[in-house]
Amino acid sequence: MSVLALSGGVGGAKLVRGLSHQLPAESLSIIANTGDDGIHSGLLVCPDIDTLIYTLSGQSHPEQGWGLAGESWQVFDRLGELGGETWFRLGDKDIATHLFRAEKIQQGLSLTQVTRALCLAHNIAPNILPMCDELFQTKVITQDGRTLDFHEYFVKEQCGPRVESIAFIGNPSLSSDVEAAIMQTGALIICPSNPFLSIDPILQVPGLQSLITERIEKRLVVSPIINGQAIKGPTAKLMQELALPVTNESVAKKYQSIATHMIIDNQDAVDKNLLESMGLKVLVTNTLMQTLADKKQLASDVLGFLGVK
Ligand code: FO1
């Protein structure tokens with residue numbers, strides 16, 4: 001049976017790596033968030049696509065999770081000397097990815113086609129798909145009245161500003177590749193990414209969520225919250241600012257129109273009955289992925305719970 005994962009950011013990429021070890025490549029498709037995409041130093045940067053590619057090829061920076069291991073920074077050090085903007089830093093080898101993408105887009109390839117070419121160049125077999133081919137950007141509206149690009153919020157201001165709301169700007173359409181992936185999928189996995197900043201943009205693509213709920217019977221979410229905390233990134237802080245309790249119940253409510261199954265961590269076993277009373281099938285296991293073995297084990301638990309393995 002083929003599986004479709006929705007993923008954004010470092011947390012999602014970790015589970016996708018585990019899934020890639022548990023499934024034949026032709027059975028795994030991933031829809032990647034592109035709401036973080038933006039032009040930096042004149043180049044289109046697609047962080048969540050590149051994080052998936054680098055992670056699946058085993059080349060990602062081990063601590064950061066994003067960018068490449070063994071990176072050097074000569075170009076951006078020089079750019080700084082010239083007075084260029086360097087708050088969003090591109091490593092020397094990472095720049096090659098952005099130049100490759102810019103060249104292919106210049107030749108008229110779609111983002112889906114460019115991503116396929118990048119996967120081939122990295123010898124990656126799973127099917128990584130941008131959520132759409134159009135620019136569809138996540139904006140963060142702060143409580144002090146500013147509208148920030150995603151990376152102004154996430155990197156320049158280090159997720160400091162209190163968030164009022166999140167908006168998505170652009171005119172995306174459902175690509176034939178995403179549609180085909182959904183049509184041939186037996187089970188959906190929503191990875192433990194930030195529901196508001198990484199998964200919501202994907203679900204905002206017109207027709208995507210309704211096609212998923214119509215065509216895919218089993219739809220599982222791995223909670224990004226463990227014991228009232230997020231493993232990485234601003235999820236917990238964002239939930240507090242959006243006046244949501246930082247709980248698995250809030251996550252279940254967030255996904256109540258799409259999820260049929262939910263996986264929560266052993267530390268939150270007490271939540272199982274409540275979540276089942278909300279109509280979800282619930283599995284309690286270890287969801288903290290610190291090693292490759294953890295990622296493989298969680299992926300195995302996910303597939304077993306979905307009856308895929
Ligand atoms: N994150 C940072 O905190 N600082 C950076 O300078 C930075 C640069 C960067 C360049 C390419 C890339 O693919 C990711 C990069 N990231 C950086 C991480 C990025 O902001 C996050 O991985 C995602 O946008 C969050 O899902």
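1. Let's start with the second largest pocket of this predicted model, which holds about 260 Å³ of space. Of the 17 residues that line this pocket, Lys14, Ser60, His61, Pro62 and Lys295 are the closest to its centre. Helix H1 gives the most to this lining, with four residues. By residue class, the lining of the second largest pocket divides into four nonpolar, eight polar and five charged.

2. The largest pocket comes next, with about 900 Å³ of space. Its lining is made up of 44 residues, and Gly9, Val10, Trp66, Phe154 and Lys232 lie nearest the centre. Several elements give two or more residues to this lining: helix H1 (9-22), helix H2 (47-56), helix H4 (92-106), H6 and H8. Which helix gives the most to the lining of the largest pocket? That is H2, with five residues. The lining of the largest pocket divides into 21 nonpolar, 16 polar and seven charged residues.

3. The structure holds one cavity of 30 Å³ or more, and the volume of the largest cavity is about 40 Å³. The residues that line the largest cavity are Gln64, Trp66, Gly67, Leu68, Glu71, Trp73, Arg89, Gly91 and Asp94. That lining divides into three nonpolar, three polar and three charged residues. Trp66 is worth a look on screen: this residue lines the largest cavity, and Trp66 is also among the residues nearest the centre of the largest pocket.

4. On to the aromatic residues. A search of the whole structure finds three aromatic pairs. One of them joins tryptophan 87 and phenylalanine 88: the ring centres are 6.1 Å apart and the planes stand at 70°, so this pair is edge-to-face. Tryptophan 87 is partly exposed because its relative accessible area, 26%, falls between the 20% and 50% cut-offs. Phenylalanine 88, with a relative accessible area of 13%, is buried.

5. Phenylalanine 150 and phenylalanine 154 form a stacked aromatic pair, at 5.1 Å centre to centre and with 20° between the planes. Both residues lie in helix H6 (residues 150-156), four residues apart, which is about one turn of the helix.

6. Helix H9 (residues 208-215) has Leu208, Leu211 and Ile212 as its buried residues. They cover an arc of only 100° around the axis, and therefore sit on the same side of H9. The buried residues of H9 pack against strand S2 (28-32), helix H7 (176-183), strand S9 (187-190), helix H8 (195-203) and strand S10 (218-222).

7. Leucine 6 has its place in strand S1 (residues 3-7). With 0% relative accessibility, leucine 6 counts as buried. Beyond its neighbours within four places in sequence, leucine 6 is in contact with Ile31, Leu188, Ile189, Ile190, Cys191, Ile199, Ile202 and Leu203. As for valine 163, 157 residues apart from leucine 6 along the chain, the C-alpha atoms of the two are separated by 24 Å.

8. Serine 27 is found in the loop between H1 and S2. Leaving aside neighbours within four places in sequence, the contacts of serine 27 are Met1, Ser2 and Val3.

9. Finally, two backbone points to check by eye. Most residues other than glycine have a negative phi. Asparagine 227, although not a glycine, has a positive phi of about 50°. Asparagine 227 lies in the loop between strand S11 (225-226) and strand S12 (229-230), and at 48% relative accessibility this residue counts as partly exposed. Alanine 243 has a positive phi as well, near 60°. The place of alanine 243 is in the loop between helix H10 (235-241) and helix H11 (248-254), and at 67% relative accessibility alanine 243 counts as exposed.

Notes:
Residues numbered from 1 in each chain as written. Predicted model: local features only at pLDDT ≥ 70, side-chain atom pairs only at ≥ 80, totals over all residues. Heavy atoms only, no water. 1 Å grid on protein atoms, 1.4 Å probe; cavity = no way out; pocket = protein on both sides within 12 Å on 5 of 7 lines; lining within 4 Å. Points joined across faces, edges and corners; volume = space filled by probe spheres on them. Nonpolar A, V, L, I, M, F, W, Y, C, P; charged D, E, K, R; others polar. Buried < 20%, exposed > 50% of the residue type's maximum accessible area, 1.4 Å probe, protein only. Arc of directions from axis to C-beta. Contact = heavy atoms within 4.5 Å. Phe/Tyr/Trp six-rings, centres within 6.5 Å; stacked < 30°, edge-to-face > 60°.
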